[in-house]
Each structure stands twice: as C-alpha cells, then as structure tokens.
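Have the viewer open as you read.

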Amino acid sequence: MRVFVTGIRGFIGRSINSYLSNLGHDVLGCSHSGVPLSRLSKGQTKVFSYGFDQTPVDDWFRDCDSVIHCAYDPSPGSLDRNVMGTGKLLRAAIRAGVPHQIFLSSHSARDQARSDYGEHKRIIEQDFLAHGLLVIRPGMVIGNGGIFKENVKNILSAPVLVLPSPSAVPVFVLPIADLLKCISKLLMSKTVGELNLYSPPPESMLSFVELVLEATHTSRPVVPIPLTIVSG
C-alpha cells in the first residue's frame, strides 16, 4: 500500500511513517520542511515541502491508496490557514484519484468546542465528512511528543497545580501504539465516516495528573477551582 502522510515530521506523523514502513508499506508525505526523514534502517522517506499558504501539487498523490492528514498549524490566528490549507490538500488528493483519506481530528472537536484547537478541527471535519471520507477523533495521544509531552512538561514545571473541580472532569487518552494499530486496520478496511478512539474508561483530570506525578517521582500541591471559572 502507498500512503501519503501530511505533517509527517510531527510526533504522530513520524510515528505513522515508521510503523507503516516497518509493515512494508510505501510511505511519503509533506511537511513545512522538505528534508527527508530517516526510515530507521530502510533508507529515506520522500518528503515534499508544503506550508498551508502554498498550493500542493496533485502529482504528489498519484498512485496513493490513502492520505492521512496530520498537518496542523498551532500558531495564534491560524483558523483560516488550517481550514484552507487542509482543504487544498484534500482536494489535490481527490483530483489525483486517491480513493481513501483519513483526517486526524481530536476528541476535543465538537460543536461549541472550548478550545481553538477543537474548533478548528471540528470545522475541518465537516469538509471530510461531506466528501464521504474518514474522520478519527483520538483522545490525547500518550507518547514521547505532541500535546501529551507538553502537558507533562507543564505539570512538572508548575510549583502548584490548579485543577478544575469536580475532579471527575474526563481526560480521554489513547496510547500511540494503539492509535497506530487502529490506523493500519482502517487503511486496510477503507473505513469511512467518523470514529472516536480512546481507552475506556476515561481518566479524571486529577487521576491523570497523579499518574504523571507518580511516574516521574514528583509531588505537587493541587488546588481545585470551580469548572465555571475554567470554562469562562
């Protein structure tokens, strides 16, 4: 199988590249930097340079069986760039005849999302669903990178941890290994529609923080505040 991964230099994109390559699939992709990626001991993965303000080349996607969309611009005021840039990649792949595409969304993507990230992802989802493609919403992906790594860094750097009360605010998580296995199966089955992916049951925010502190042999005082203050 030939698979194109957008945002292939990011945490999840790199992980998908290594995993699918080790299964024997042909993987290529795009990133804001076109420097080739090391494919462990299997040579180089071809990476095209693409920024959301640019126009993708249809020929990038020729003979691809699927495109996995991981690219995301986290900078402030990036809504238009994310929506337009992802849409251009989606349509270039359609023009090239790619039969299957996956948009990697987020469990935070929903109507009236509380974060810009969730709002952006929700808007982009509608474009993919309208084209009869696949949207997957993983929980926070547990691994050495991405939002999880940033959250762990923030927890360990704070002298006092301020958490919303009640402590049962759910945190949906998914180990990177489980996400990669799911993506591989979804590619083979050519699944379409929308799927929520997370490890049941969800952790409470407090238990998630406690697990991080325990794993890193760290202690911090925890101060609860009303959820209404957090949600604004």
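This is a predicted model: local features need pLDDT of at least 70, side-chain atom pairs count only at pLDDT 80 or more; totals for chains, interfaces and linings use all residues.

Let's start with a salt bridge: E125 pairs with R137, and their closest N and O atoms are 2.8 Å apart. The two partners come from separate pieces of the chain, since E125 belongs to helix 3 (residues 116-130) and R137 to strand 8 (residues 134-138).

Is E125 buried or exposed? E125 has a relative accessible area of 0%, so it counts as buried. R137 is buried too, with a relative accessibility of 8%; the cut-off for buried is under 20%.

**Other salt bridges**

How many salt bridges are there? The count comes to 8.

| Pair | N to O distance |
|---|---|
| R2 and D26 | 2.4 Å |
| R81 and D73 | 2.8 Å |
| E125 and R137 | 2.8 Å |

The salt bridge between R2 and D26 ties distant parts of the chain together, with R2 in strand 1 (residues 2-6) and D26 in strand 2 (residues 26-31). These two residues are 24 residues apart. R2 is partly exposed, at a relative accessible area of 26%, and D26 is partly exposed as well, at 33%. Over in the bridge with D73, R81 is also partly exposed, with 33% relative accessibility.

**The chain as a whole**

Zooming out, the chain has 7 helices and 15 strands. It contains 232 residues, and buried ones make up 44% of them. Which share of the contacts joins residues at least 24 apart, among those between residues at least 6 apart in sequence? That share is 71%. The accessible surface of the chain is about 11,600 Å², and carbon and sulfur atoms account for 57% of that area.

One surface feature to pick out is a nonpolar patch formed by V160, V162 and V223, which together have about 220 Å² of accessible area. Of these, V162 sits in strand 10 (residues 161-165).

Helix 1 covers residues 11-22, which is 12 residues. From its first C-alpha to its last it reaches 17 Å, close to the 16 Å expected at 1.5 Å a residue. Its buried residues are F11, I12, G13, S15, I16, N17, L20 and S21. After helix 1 comes G24, which has a positive phi, near 95 degrees.

Two residues from that buried list, I12 and I16, turn up again in the largest nonpolar core. This core has 25 residues, and I12, I16, I68, I136 and L179 are the ones that touch the most other members. Two or more residues each come from strand 1, helix 1, strand 7 (101-104), strand 8 and helix 5 (176-189). Which element gives the largest share of this core? Helix 5 does, with 6 residues.

There is also a second, separate core of 16 residues, and its members include F4, C30, C64 and A96.

Setting aside residues up to four places away in sequence, I136 touches I102, F103, L104, S105, S106, L179, I183, L186, L195 and L197.

S31 is part of strand 2 and is buried, with a relative accessible area of 5%. What is S31 in contact with, leaving aside its neighbours within four places in sequence? The contacts are I8, R9, V47, F48, S49 and Y50.

E210 gives another view. It lies in helix 6 (residues 205-215) and is partly exposed, with a relative accessible area of 45%. E210 and I155 are 55 residues apart in sequence, while their C-alpha atoms are 9.9 Å apart in space.

Key
Residues are numbered from 1 along each chain as its sequence is written. Side-chain values use heavy atoms; hydrogens and water are left out. A salt bridge is a side-chain nitrogen of Lys or Arg within 4 Å of a carboxyl oxygen of Asp or Glu. Helices (H or I, at least four residues) and strands (E, at least two) are DSSP runs, numbered from the N terminus. Buried means under 20% relative accessible area, exposed over 50%, partly exposed in between (1.4 Å probe, protein chains only). Patches are made of residues with over 30% relative accessible area and no salt bridge: like charges are joined within 9 Å, nonpolar side chains (Val, Leu, Ile, Met, Phe, Trp, Tyr) within 5 Å. Accessible areas come from the Shrake-Rupley method with a 1.4 Å probe; for residues, only the protein chains shown count as cover. Contact means heavy atoms within 4.5 Å. The expected span of a helix is 1.5 Å times one less than its number of residues. A nonpolar core is a set of buried Ala, Val, Leu, Ile, Met, Phe, Trp, Tyr and Cys residues joined through side-chain atoms within 4.5 Å.
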